[in-house]
Amino acid sequence: MAQSDYAVFLGIFMAVRDSISIIMTALLAVVLASCGGDGSVVEITRTRTVEFLPKPPGPNATSAQRFGYEHTAAMPSPHGAAPAAEAAELPFTWTAPEGWRPAADRPMRVVTFTAGPNQEAECYVTILGQGGGGAAANINRWREQMGQQPLTEAEVAALPVIDVLGKPSPWVEVRGTFTGPSGAAVDDALLLGLVCPVDPFSVFVKMTGPASVVEPQRDAFLAFCTSLTWSPAANS
Amino acid sequence: MKDLLRNLYRFLSSYGLSCVLFFLLFLLTLMGTLEQIHLGLFDVQKKYFESVFLIHELFGVLPIPLPGAYLVMSALAVNLFLGGIVRARKGPAHWGVLLGHIGIVVLLLGAGIQYRYSESGNLTLYEGEQSSEFESYYEWELAIADASGDGSFTEHIIPGRQFMHAGARTFRSPALPFEVCVERAFRNSLPQPVKPGDTPAGPVVDGFTLVSLPPDKQAERNAAGVYVTIRPASGEATEAILWGVSPVPLTVEMDGKPWVIDLRKERFQLPFAVALDKFTHEMHPGTQMPRKFESDVRKVENGIEQSVTISMNAPLRHRGYTLYQASWGPPDAGPGEPLFSVFAVVNNPADQFPLYACIIISVGLCVHFARSLVLYLREQSEGAAS
């Protein structure tokens with residue numbers, strides 16, 4: 001081996017040795033600094049002036065209401081609900097089934113839940129004014145998302161109905177490959193949906209996810225749909 | 001002392017140190033990439049690339065202490081500056097290499113500035129909406145405000161880094177009639193109702209307990225949660241659970257005023273406002289995949305408005321902030337439904353540093369190779385002549 005090669009190897013060896021020594025010293029410094037205590041009382045120094053609060057306050061809201069397990073008309077509607085619904089305040093309440101997890105607010109949605117062992121299934125409620133284009137158009141849009149052919153008006157009229165908020169509401173089940181706008185596809189997916197037409201708006205409840213996860217949630221989804229109840233204020 | 005400084009200078013500028021640092025970077029890149037099987041991108045970035053030290057568990061069992069990429073790249077910048085610029089030969093034959101080294105130092109410097117001083121998040125607007133704030137993807141904050149204000153509210157902000165990993169801490173301000181003590185904080189959590197017969201691991205407040213969940217691989221989906229105690233100067237303390245994705249904040253009555261206490265994603269102020277006038281999108285035929293989407297916005301600053309179109313490859317750059325067209329929704333919007341547009345917002349004082357570095361490195365390589373080519377051609381012609 002040439003002498004210059006030895007010099008390079010020697011250099012690397014010394015660098016490794018010195019690096020270890022520097023790293024150990026720095027590590028010791030970090031440990032000592034962390035032992036110095038961070039003080040358990042901290043002054044708040046940062047302030048910001050805003051024209052409106054991002055989340056409207058809910059005076060007297062219980063924890064169940066704050067965490068989305070319950071909703072009452074007395075509370076401000078969650079951020080992200082349809083503007084028309086927000087302005088009117090929601091006239092109905094609901095109860096989340098056991099095991100469902102409230103999820104972060106999403107624009108246009110009144111409330112979102114996730115379900116399943118790894119929260120793979122998603123269920124949410126939206127409200128659209130003026131019927132949102134009609135039950136058939138929305139049901140066929142859901143079918144298109146699942147890669148299925150649209151139904152005729154007669155086929156939509158023949159769908160099973162359940163009573164929600166006092167209205168017969170078409171119940172939809174579609175199996176297929178669910179494709180969201182991002183292009184990400186979920187094979188062997190199941191969509192459960194309900195369209196509740198209550199003049200002057202329609203309530204849409206939808207659950208999507210892998211069929212193996214959504215299937216066991218069928219009863220919970222039905223229970224959630226039927227838990228939608230007019231609030232006393234709306235009835236008065 | 002002189003010898004010590006000389007030895008330190010030699011060590012920091014040594015070729016051997018460069019080799020070790022480059023090998024460590026290779027190792028960290030490899031390990032960080034493989035670790036993404038188990039951890040999300042955000043966590044891997046924090047653990048391997050934004051850290052000073054880390055413990056890598058080889059095959060999940062053998063703990064190996066390693067310097068983090070933040071320390072390695074800082075050392076590399078010093079090493080390149082001292083060894084590749086200060087100590088390097090300066091003759092015309094070395095100008096190209098020298099420029100290359102300067103370019104790499106600029107690149108590392110830009111990375112350091114970005115790490116320390118950049119802010120990033122997202123801004124969501126419906127058509128017709130205007131905002132001058134954007135929200136972090138990952139970081140949290142506690143905001144406390146007197147909700148009785150009319151048209152103007154002063155929020156007292158506690159950044160998440162002061163309480164998320166710090167144990168119990170009390171926060172106070174002369175402007176607040178109470179102290180806020182953050183007892184416990186969870187990075188990802190779920191408030192669960194406690195039924196009779198349950199034995200929850202944590203405290204129960206108002207019939208709920210906060211369950212700690214493993215961090216989500218997509219870090220932006222984590223829902224932080226904290227146990228807080230609000231202690232007025234006199235009177236009874238109030239215990240509460242705050243949850244990051246709660247649609248309604250906690251409201252407490254103190255000194256006859258309603259105070260709102262909210263755990264939420266950290267918010268940043270833009271030095272200008274952005275108003276969304278129109279959002280347009282086109283899908284690939286027969287699919288739900290977007291082919292093109294763009295937003296017509298107005299940039300509002302000091303009462304002066306300027307119309308700008310933000311599309312996928314044409315961001316809005318202004319006063320150090322860059323707004324990229326990132327997403328849109330709602331995902332299943334029907335015909336005629338209002339749409340919203342999502343902008344990724346980045347404030348990076350060094351966002352042009354990679355461009356400058358590439359130019360410097362390119363010039364350096366051109367100088368170096370051009371000189372080598374000229375020398376080669378000259379040798380060839382001289383050889384042919386002799």
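Visitor: How many helices and strands does chain A have?
Guide: This is a predicted model. Chain A holds helices and strands together. The secondary structure comes to eight helices and 11 strands.

Visitor: What percentage of chain A is buried?
Guide: Chain A has 236 residues. A residue counts as buried under 20% relative accessible area. Buried residues make up 45%.

Visitor: Why is helix α4 of chain A said to be largely enclosed?
Guide: The helix covers residues 135–145. Its buried residues include A:Ala136, A:Ile139 and A:Trp142. The rest of the structure largely encloses α4(A), because the buried residues number eight of the 11.

Visitor: Which residue just after α4(A) takes a positive phi?
Guide: Look just past the end of the helix. The phi there is about 75°. The residue is A:Gly147.

Visitor: Now chain B. Which strands pair with β4(B) in the antiparallel sense?
Guide: Strand β4 covers residues 130–146. Two bridges pair it with residues 119–126, and 12 bridges pair it with residues 257–283.

Visitor: Which residue of β14(B) is the bridge partner of B:Glu133?
Guide: In β14(B), the partner of B:Glu133 is B:Gln269.

Visitor: How many residues lie between β4(B) and β5(B) in their hairpin?
Guide: B:Leu142 stands opposite B:Ile158 in β5(B). In the turn, B:Gly151 has a positive phi of about 85°. The number of residues between the two strands is six.

Visitor: Which helix gives the largest share of the nonpolar patch in chain B?
Guide: The patch covers about 560 Å². Among its residues are B:Trp95, B:Leu355 and B:Val363. Five residues come from one helix, residues 353–385. That helix is α6(B).

Visitor: Is B:Val363 buried, partly exposed or exposed?
Guide: B:Val363 is found in helix α6 of chain B. Buried means under 20%, and exposed means over 50%. At 41% relative accessibility, B:Val363 therefore counts as partly exposed.

How values were computed
Residues are numbered from 1 along each chain as its sequence is written. Chains are lettered from A and ligands numbered from 1 in the order in which they are written. This is a predicted model: local features need pLDDT of at least 70, side-chain atom pairs count only at pLDDT 80 or more; totals for chains, interfaces and linings use all residues. Side-chain values use heavy atoms; hydrogens and water are left out. Buried means under 20% relative accessible area, exposed over 50%, partly exposed in between (1.4 Å probe, protein chains only). Helices (H or I, at least four residues) and strands (E, at least two) are DSSP runs, numbered from the N terminus. Patches are made of residues with over 30% relative accessible area and no salt bridge: like charges are joined within 9 Å, nonpolar side chains (Val, Leu, Ile, Met, Phe, Trp, Tyr) within 5 Å. Accessible areas come from the Shrake-Rupley method with a 1.4 Å probe; for residues, only the protein chains shown count as cover. A salt bridge is a side-chain nitrogen of Lys or Arg within 4 Å of a carboxyl oxygen of Asp or Glu. Two strands pair if DSSP finds at least two bridges between them.
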